[in-house]
Amino acid sequence: AGKRKFMEYSDLWKVKVGENNTEILYPALQNVVATVNYSTTIDLIHVAERARNAEYAPRRFPGLVLRIREPSATGIIFKSGKAVLMGTKTEEAAKLAARKFGRLLVKLNQNARFRDFKIVNLVSMIDAGFPIRLEAMASKHFLYSHYAPEIFSGLVYRLMEPKVVLLVFVSGKVIVTGAKSRKDVEEALGKMWAVFLQFKKSF
């Protein structure tokens with residue numbers, strides 16, 4: 001199988017699927033979501049008044065939103081010191097962003113320490129290389145899937161093991177979300193490849 005095309009900025013890796021692992025897919029990471037604990041109470045008003053690219057509207061949302069450019073990332077910082085980070089394209093970039101946010105807090109006189117960094121969601125995309133008959137797939141796999149094209153154009157498929165959600169589109173594009181690791185993505189694609197082939201749309 002030839003290499004599928006993806007956005008150049010995404011991180012791709014090779015996954016073998018199918019009988020005897022003869023098919024190759026190239027998942028592309030689109031977003032890495034991580035959590036970290038800075039292990040101190042954060043003065044959000046103090047930080048919001050002094051940090052660039054900061055948004056804080058406590059009446060609407062209790063978290064302080066910070067943004068950095070390198071790597072491009074958004075951090076939501078809570079008063080407890082816990083934070084959620086998103087927007088990076090690799091696990092390494094997510095960890096670097098978490099450390100940069102921590103250093104920024106220290107510069108603003110917050111006693112932040114880097115603790116409990118964890119990847120909580122890897123969002124990736126693959127191209128099966130052929131269109132998929134979503135109505136037939138939803139009918140056959142009704143226990144695990146939901147398809148309401150008048151509301152959302154993709155079929156939502158919930159795998160139990162690994163516990164991930166796949167958004168399957170008629171074009172053959174598939175988004176995998178909820179994965180905690182690349183291994184989760186690989187296992188999910190390995191299990192679903194036969195299903196995709198079963199409902200391959202023939203011209």
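Start by selecting Gln 30 in this predicted model: Gln 30 counts as buried because its relative accessible area is 18%, under the 20% cut-off. You will find Gln 30 in strand E4, which covers residues 28-37. Show its side chain, and you can see that it reaches the backbone oxygen of Ala 28 at 3.3 Å.

Next, turn to the largest nonpolar core, which has 34 residues. Select Ile 132, Met 137, Leu 166, Val 168, Met 192 and Phe 196, the members that touch the most others. Elements giving two or more residues to this core include E4, strand E9 (115-127), helix H3 (134-140) and helix H4 (182-198). H4 supplies the largest share, seven residues. Now centre on Met 192: leaving aside residues up to four places away in sequence, Met 192 touches Met 137, Tyr 157, Leu 159 and Leu 166. Apart from this core lies another one, of 19 residues, with Ala 73, Ile 77, Ala 98 and Ala 112 among them.

Now for some backbone details. Most residues other than glycine have a negative phi, and most peptide bonds are trans. Go to Pro 71, in the loop between strand E6 (64-68) and strand E7 (73-77); the bond from Glu 70 to Pro 71 is cis, with omega near -10°. Then pick Pro 162, in the loop between E11 and E12, where a cis peptide bond with omega about -5° joins Glu 161 and Pro 162.

Finally, visit Asn 20, in the loop between E2 and strand E3 (23-25). Its phi is positive, near 60°, and Asn 20 is exposed, with a relative accessible area of 73%. Your last stop is Ser 39, between E4 and helix H1 (44-50), with a positive phi of about 55°.

Key
Residues numbered from 1 in each chain as written. Predicted model: local features only at pLDDT ≥ 70, side-chain atom pairs only at ≥ 80, totals over all residues. Heavy atoms only, no water. Helix = DSSP H or I, 4+ residues; strand = E, 2+ residues; numbered from the N terminus. Buried < 20%, exposed > 50% of the residue type's maximum accessible area, 1.4 Å probe, protein only. Polar contact = N/O pair within 3.5 Å; in protein donor to acceptor, adjacent residues only side chain to side chain. Core = buried A, V, L, I, M, F, W, Y, C linked by side-chain atoms within 4.5 Å. Contact = heavy atoms within 4.5 Å.
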